[in-house]
Amino acid sequence: MNDKRGREENRQTLPALVLKNESTFLGGNGGALKCENHFIVDTNKLAEVANLRVVVTLKNSEGASGQYTMAFAPFGMNTMDESLHGREYSSFRSATLVPQKTKDFCKPGDVTFQIDSATARINGQEKDLLATGIIKPYVQHAG
């Protein structure tokens with residue numbers, strides 16, 4: 001199936017999006033940052049996802065919490081696995097970093113998050129992703 005036909009067929013069905021706290025990069029910005037939380041979002045189908053904004057609350061085991069707004073680059077537009085800048089990557093994934101000036105959310109495995117709000121333009125239409133139920137946090141299943 002070519003991309004154009006795939007987009008036409010999928011236009012009426014919203015994609016499923018999964019948000020994951022993938023990793024933590026320690027340090028950064030010449031020592032000004034303690035760490036950066038690396039979030040990724042994946043889609044399950046060919047559909048333009050643009051202007052994705054997600055507000056999350058991060059929490060740690062010591063009770064600290066903080067709310068952060070994340071912005072993601074457009075994704076899901078093609079199956080060529082090539083970004084808008086020509087670098088190879090997954091066309092069905094986008095990533096962003098959440099800079100941290102304190103160590104509260106820097107310990108790998110100690111940070112949890114909840115999605116407070118999420119909006120995006122999908123196939124040209126503005127959507128509230130929580131209201132439509134199409135964005136979920138990644139849940140690791142016990143093996």
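A residue is called buried under 20% relative accessible area, exposed over 50% and partly exposed in between, as computed with a 1.4 Å probe on protein chains only. The close-up views below come from a predicted model, in which local features need pLDDT of at least 70 and side-chain atom pairs count only at pLDDT 80 or more, whereas totals for chains, interfaces and linings use all residues. Residues are numbered from 1 along each chain as its sequence is written, and side-chain values use heavy atoms, with hydrogens and water left out.

**View A. The disulfide of Cys35 and Cys106.** The sulfur atoms of Cys35 and Cys106 lie 2.1 Å apart, and the count of disulfides (pairs of cysteine sulfur atoms within 2.5 Å) comes to one. Cys35 belongs to strand S2 (residues 35-43) and Cys106 to the loop between strand S5 (93-100) and S6, so the link ties together parts that are 71 residues apart in sequence. Strands (E, at least two residues) and helices (H or I, at least four) are DSSP runs, numbered from the N terminus. A disulfide is a covalent bond between the sulfur atoms of two cysteines. The link of Cys35 and Cys106 is left-handed, with -85° about the S-S bond. Cys35 is buried, at a relative accessible area of 0%, and Cys106 is likewise buried, at 6%.

View B. Thr57 is a buried residue with a relative accessible area of 12%. Its side chain makes a polar contact with the side chain of Asp116, at 2.5 Å. A polar contact is a pair of N or O atoms within 3.5 Å; within protein, one must be able to donate a hydrogen and the other to accept it, and residues adjacent in sequence count only if both atoms are side-chain atoms. Leaving aside residues up to four places away in sequence, Thr57 touches (heavy atoms within 4.5 Å) Ser65, Gly66, Gln67, Thr112, Phe113, Gln114 and Asp116.

**View C. Asn51, a non-glycine residue with a positive phi.** The phi of Asn51 is about 50°. Asn51 is placed in strand S3, which spans residues 49-59. Its relative accessible area of 35% makes Asn51 partly exposed. Most residues other than glycine have a negative phi.

**View D. Asn123, in the loop between strands S6 and S7.** Strand S6 covers 112-122 and strand S7 covers 125-128, with Asn123 in the loop between them. Asn123 has a positive phi of about 50° although it is not a glycine. With 11% relative accessibility, Asn123 counts as buried.
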